[in-house]
Amino acid sequence: MAERIDPIANDPASNMQSGARIALAGMLVNIVLTAAKLTAGVLGNSYVLIADGIESALDIAGSFVIWGGLKLSLRPPDATHPYGHGKAEPLAAAVVAALVLLASIGLAIESVREILTPHHGPAAFTLLVLVVVIATKEFLYRVVMNLGKRVESTAVKTDAWHHRADALTSTAAFVGITIALIGGEKWHAADDWAALFACAIIAANGWRLLMPALHEMLDTAPRGEILETIQRAAGSVAGVVEVEKCLVRKMGVFFYVDLHVGVGGAISVRDGHAIAHQVKDAIKNTDARIADVLVHIEPAGS
């Protein structure tokens, strides 16, 4: 009997809708936090907080791109896109990752300029803003990442890491401002060094986000139990002697399967055709995310 995965937990349309909703919610939260960071950074004379606010502003654009990519990936197959629009999801993730990398470079340049330019130290009230930001962003990271892992969405996971990166850069800002406040005038540059450190975190996060998206766009074979599940389902069909050349590619949250099935060489074409349909149905019944299965019938042992 083929293993059956919970159809509710793996309903592609529902998963994508959940991802789109949470991306939209994250975008609204980022708007509020960005305004708070930039205002506190300007009034509190903290460049690291301004840099953090700019990074959050890019998060708003990123969440919008993720939301758009998830909505586009839900479109059904058509004449020009017979495999659907699932690639819009990793493409959105790649665009966001590129924005993160570009932001890290720009902010690093500005951080160096601030280090070389004498200025007043940051205000103490900026620390309170950062505490709120860190707590909020870490909470969002955990919620969004749990969803991303459940639905196996590269774009949703990318959005989650945006929140974690923001929490890390805000932590760096907190440390830098604290050192500047305790150390006095000689340590005012600690705020700017913290901004430079935050840029390194942002850049590392951008690279981390970019690679999975590129792998998916290049049809890298998915990992996990899905291959074993597919092979077991195919092998459970009466008349199947062997299963080989099982190839799976991911399109958004959907999977497309190509596999060769060995059957008895003496059976009729009609019987082989019937077995192929049974194999296809058995595989699709294991997981609602499997959109299509192409079965090639050949004589066993050939």
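## Lys250 and its polar contact

The side chain of Lys250 makes a polar contact with the side chain of Glu216, at 3.4 Å. A polar contact here is a pair of N or O atoms within 3.5 Å; within protein, one must be able to donate a hydrogen and the other to accept it, and residues adjacent in sequence count only if both atoms are side-chain atoms. This is a predicted model, in which local features need pLDDT of at least 70 and side-chain atom pairs count only at pLDDT 80 or more, while totals for chains, interfaces and linings use all residues. Residues are numbered from 1 along each chain as its sequence is written, and side-chain values use heavy atoms, with hydrogens and water left out.

Where does Lys250 lie? Its place is in strand 1; helices (H or I, at least four residues) and strands (E, at least two) are DSSP runs, numbered from the N terminus. Is Lys250 buried or exposed? Lys250 counts as buried because its relative accessibility is 11%. The scale works like this: buried means under 20% relative accessible area, exposed over 50%, and partly exposed in between (1.4 Å probe, protein chains only). Not counting residues up to four places away in sequence, Lys250 touches Lys87, Glu89, Glu152, Ser153, Thr154, Glu216, Asp219 and Phe255, where contact means heavy atoms within 4.5 Å.

## Asp219, a neighbour of Lys250

One of the residues that Lys250 touches is Asp219. You will find Asp219 in the loop between helix 6 (190–217) and helix 7 (226–235). Asp219 counts as partly exposed because its relative accessibility is 32%. Although Asp219 is not a glycine, it has a positive phi of about 60°.

Now follow the chain around the turn. Strand 1 (residues 240–251) pairs with strand 2 in the antiparallel sense, over 9 bridges; two strands pair if DSSP finds at least two bridges between them.

Strands 1 and 2 form a hairpin with 2 residues between them, and Gly252 in the turn has a positive phi of about 70°. Val253 has its place in the loop between strand 1 and strand 2. Val253 is buried because its relative accessible area is 1%. Between Val253 and Phe64 there are 189 residues in sequence and 19 Å in space, C-alpha to C-alpha.

Back in strand 1 is Lys245, with a positive phi of about 50° although it is not a glycine. Lys245 counts as exposed because its relative accessibility is 54%.

## Strand 2 and strand 3

How many of the 10 residues of strand 2 are buried? In this strand (residues 254–263), 7 are buried, and it is mostly covered. Strand 2 is joined by 9 bridges to strand 3 (residues 290–299), and these two run parallel. In strand 3, Val295 is the bridge partner of Leu259, and Pro299 stands opposite Val263.

Strand 2, helix 8 (residues 269–284) and strand 3 make a right-handed β-α-β unit. A crossover is right-handed if, with the strands pointing away from the viewer, the path from the first strand over the helix to the second runs clockwise.

Leu294 counts as exposed because its relative accessibility is 56%. Leaving aside neighbours within four places in sequence, Leu294 is in contact with Val257, Asp258 and Leu259. Leu294 and Val279 are 15 residues apart in sequence and 9.5 Å apart in space, C-alpha to C-alpha.

Ser170 belongs to helix 5 (residues 154–183). Ser170 counts as buried because its relative accessibility is 0%. Apart from neighbours within four places in sequence, Ser170 is in contact with Lys37, Asp52, Leu130, Val133 and Ile134.

The charged end of Arg164 sits over the ring of Tyr141, 3.9 Å from its centre. A charge sits over a ring if NZ of Lys or CZ of Arg is within 6 Å of the ring centre and within 35 degrees of the ring normal.
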